[in-house]
Amino acid sequence: MKAIVVEAENLSLQDVPDPSPAVGEVVIDVVAAGVNRSDLLQRAGNYPPPPGASEIMGLEVSGRISAVGEGVSGWQVGDEVCALLAGGGYAEKVAVPAEQMMQVPRGVDLVSAAALPEVACTVSSNVFDTAGLSTGELLLIHGGSSGIGTHATQVAHAMGARVAVTARNREKLERCQEFGAEILIDYTSEDFAAVMKEHGGADVILDIIGARYLASNIKALATNGRLVIIGMQGGAKAELNIGQLMAKRASVSGTTLRPRPASGGPDSKAAVVTETVARTWPLIESGDIRPVIDSTFPLAEVDAAHARLESGDAVGKVLLTIG
């Protein structure tokens, strides 16, 4: 099969061996793969795959099952699926634990389905399971026009929460408004902590920036607020004012999805996938939320896809089409 191989940060399309399903796995003939910032980090040598995972990039795909391994039930060859991966998505075929697969939601085409697994599982596990966002609360999303941001906005809005977003220009903020955001903050010219204070503070903050925003995030929280950090685009180390945190009875959590075990408990990928499908798929099938696709590129044009994501101009997901 063909797959994208990384050599000293350079990407090339090469022939590699076809995968075979291990016990509990299936093989998917890939139709599309999502492009994520973690792929850019892996390409630069800063985000190695977990032990035992494929060295090929790609954390989410959609496609059709072409082989079913021993011990798998409920799936058969020909089923159209999307899947959360630990790696291997930038290829014509990928082997994946059956517990990390999801049926393509009704009303979603097979290519667009590749935009769902990573963002849906990230938002469900962090905004709802970790932070416990509830109806009527205010959620602040940094990077509101990103794949995660556009999905989180729609889900939170559909669940009855209020949504504030940061983005870098008015055009992006207007797109965020289309998805349900009501408080629009241009981070290039506005102090998001001050804006949040005017609105009583954020009950939950979903943060992809990390260190650079830590102090302002604590200021932006409401009493009993919850900050969930899922990225480090603004660095990994910062000073935390514990007094401010205690005065607000607030909490700070840091989570990742890729290194989690495939199965074996409430923190596993299998558990996250099950809860995500139960929480999110009905909203997709009802039309309350939808995949947001910025652009698609053929697998051979992976450099252009990475450049699009790295530019910061994308609104929603960048996808690779395969096969």
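These are legends for a set of close-up views of one predicted model.

Residue numbers start at 1 in each chain and follow the sequence as written. Because the model is predicted, local features need pLDDT of at least 70 and side-chain atom pairs count only at pLDDT 80 or more, whereas totals for chains, interfaces and linings use all residues; side-chain values use heavy atoms, with hydrogens and water left out.

**View 1. The whole chain, for orientation.** The protein chain has 9 helices and 15 strands; these are DSSP runs numbered from the N terminus, with helices being H or I of at least four residues and strands E of at least two. Its C-alpha trace spans about 55 × 40 × 35 Å along the principal axes. Of the 323 residues, 54% count as buried, meaning under 20% relative accessible area, with exposed being over 50% and partly exposed in between (1.4 Å probe, protein chains only). Among contacts with a separation of 6 or more, 65% come from residues 24 or more positions apart; a contact is a pair of heavy atoms within 4.5 Å.

View 2. In α4 (residues 170-178), the buried residues are K172, L173 and C176. They sit on the same side of the helix, because they cover an arc of only 100 degrees around the axis; the arc is that of the directions from the helix axis to the C-beta atoms. What do the buried residues of α4 pack against? Their partners are α3 (147-158), β9 (162-167) and β10 (183-186). Over on the face turned away from the buried side, you'll find the exposed residues E171 and E178.

**View 3. The two ends of α4.** N169 caps the N-terminal end, with a side-chain oxygen 3.3 Å from the backbone nitrogen of E171; a polar contact is a pair of N or O atoms within 3.5 Å, and within protein one must be able to donate a hydrogen and the other to accept it, while residues adjacent in sequence count only if both atoms are side-chain atoms. Just after α4, G180 takes a positive phi of about 120 degrees.

View 4. Six strands pair in parallel in the order β10-β9-β8-β11-β12-β13; to pair, two strands need at least two DSSP bridges between them. The edge strands, β10 and β13 (251-254), each pair on one side only. Zoom in on β9 and β10 and you get 4 bridges, with T166 standing opposite I185 of β10. Helix α4 packs on the sheet by touching β9 and β10, and its direction makes about 160 degrees with that of β10; axes are lines fitted to C-alpha atoms, for helices over the stretch in contact, and angles run from 0 to 180 degrees between N-to-C directions.

**View 5. Q154 in helix α3.** Q154 lies in α3 and counts as buried because its relative accessibility is 6%. A polar atom of the Q154 side chain lies 3.2 Å from the backbone oxygen of T150. Leaving aside residues up to four places away in sequence, Q154 touches F179, D288, I289, R290 and V292.

**View 6. Strand β3 and its partners.** In β3 (residues 25-35), 10 of the 11 residues are buried. β3 pairs antiparallel with β4 (residues 60-68) over 7 bridges, where A33 has V61 as its bridge partner. Antiparallel pairing with β6 (residues 93-97) runs over 5 bridges, and V26 partners V96 there.
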